[in-house]
Amino acid sequence: MGRSWEDLLNIVTTTHLGKRFAEKQAVQDLNLHLKQGEIFGLLGHNGAGKTTTVRLLNGLLHPTEGEVRVFGMDPLKEGEAIRKRVGVLTETPALEERLTARENLQLFADLYDVPVQQVSAKIEQALRIVDLLDQADLKAGTFSKGMKQRLAIARAILHEPELLYLDEPTSGLDPVSSQHISDLVLTLTREKGTTVVLCTHDLKDAQKLCDRVAILEHGQVKLSGPPAELATGLGAGGALDLEVGPSQQDQALEICRTFASAARSGAGSLRLERIQRSQVPDLVQMLVHRGILVYGVTPHQATLEDVYFALHREGQ
């Protein structure tokens, strides 16, 4: 089968892709089109089909239905050529802990067939990108979890891949390490033009990083698009902060709960979750009509978390 112009323009294309394991349909009717330099999020709970999808894209699994094209090539027939242009970060780094950071990268430079005369420079560049150059000659076993994750990313980008698969890259990390990884992902796409497929159930990470997302449930895409557009399209409500007279807080809370989930967030302060923007004027009007003094109204845009829960409620 020849390669279409669409295959050549897209980094990744899937057409009605499916994978079944015995009685379990792990992936069903998956249609993706990934462009160069974008961060694409595959979101969903554990078992939603994220990892199976990545294995199909990498040619590690045979699809039951449909087809995959990566760089216009079939992963099953041209997997070796594709994998030379792809980097993968698994959920667990699986480093050689008795080796130094530099030795870990040297090992993979051999596996990636990095030309011998370029190995030292490539290793130094990868360690500099992940801010581990000063720790290059320390054993990986002495590293913190965040440092190990950064070293695993250095290993994945050592051969300067055009496409990078990241499986839960910030899972279990402290906030500082998590932010470091997020900044690194943005650097790779904005400065290097790397296309990133981010598999995660961390909706806040996806909100910050992804240009587009697909929400998977039981192997099917339930919703896909830019995060901000998904909130608008699904009608997922955002949050709302209200400041009222402290002595009237309980009365105001009772009224607010007729519109959305609400709770006290401080003296005279209320927080409403997943309220529609169109409801806000009616809420304020009712509060004022009941004699409540309203000192402040601060709406917040719906997040991916709001979208996710709205989608879940819709499916129940």
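This is a predicted model: local features need pLDDT of at least 70, side-chain atom pairs count only at pLDDT 80 or more; totals for chains, interfaces and linings use all residues.
Reading the sheets and the pocket

Colleague: How many bridges join E5 to strand E6, and are the two parallel or antiparallel?

Modeller: Strand E6 (residues 163-167) is joined to E5 by 4 bridges, and the two run parallel. Within this pair, Val-88 stands opposite Tyr-165 in E6.

Colleague: What is the volume of the largest pocket, and which residues are the closest to its centre?

Modeller: The largest pocket has a volume of about 390 Å³. Its lining is made of 20 residues, of which Asn-58, Leu-60, Val-88, Leu-89 and Thr-90 are the closest to the centre. The elements that give two or more residues to this lining are H2, E5, H6 and E6, and the largest share, 4 residues, comes from E5. By class, the lining of the pocket has 11 nonpolar, 4 polar and 5 charged residues.

Colleague: Where is the place of Lys-84, and is this residue buried, partly exposed or exposed?

Modeller: Lys-84 has its place in the loop between helix H3 (79-83) and E5. With a relative accessible area of 49%, Lys-84 is partly exposed, because the class of exposed residues begins over 50%. If its neighbours within four places in sequence are left aside, Lys-84 is in contact with Asp-113 and His-159. The C-alpha atoms of Lys-84 and Leu-203, which are 119 residues apart along the chain, are separated by 30 Å.

Colleague: How is a hairpin read, and how many residues lie between E1 and E2?

Modeller: One looks at the pairing and then at the turn. Strand E1 (residues 12-21) and strand E2 (residues 24-34) pair in the antiparallel sense over 7 bridges, and Val-12 has Leu-34 in E2 as its bridge partner. The hairpin that E1 and E2 form has 2 residues between the strands, and Ala-22 in the turn has a positive phi of about 50 degrees.

Colleague: What is the order of the strands in the open sheet of 4 strands, and which strands stand at its edges?

Modeller: That sheet has the order E11-E12-E10-E13, with antiparallel pairing. Strand E11 (261-266) and strand E13 (294-299) stand at the edges, each with a single partner strand, so one side of each is left without a neighbour in the sheet. Neighbouring strands here are turned by 20 degrees against each other on average, direction ignored. Strand E10 (residues 238-244) pairs with strand E12 (residues 269-275) in the antiparallel sense over 5 bridges, and Asp-241 stands opposite Arg-271 in E12. Helix H10 (residues 249-256) packs on this sheet, touching E10, E11 and E12, and its direction makes about 155 degrees with that of E11.

Technical notes: Residues are numbered from 1 along each chain as its sequence is written. Side-chain values use heavy atoms; hydrogens and water are left out. Two strands pair if DSSP finds at least two bridges between them. On a 1 Å grid over the protein atoms alone, a cavity is a set of points where a 1.4 Å probe fits but cannot get out, and a pocket is an open set with protein on both sides within 12 Å along at least five of seven lines; lining residues have an atom within 4 Å of a point. Grid points are joined across faces, edges and corners, and a volume is the space filled by probe spheres set on the points. Ala, Val, Leu, Ile, Met, Phe, Trp, Tyr, Cys and Pro count as nonpolar, Asp, Glu, Lys and Arg as charged, and the others, Gly among them, as polar. Buried means under 20% relative accessible area, exposed over 50%, partly exposed in between (1.4 Å probe, protein chains only). Contact means heavy atoms within 4.5 Å. Axes are lines fitted to C-alpha atoms, for helices over the stretch in contact, and angles run from 0 to 180 degrees between N-to-C directions.
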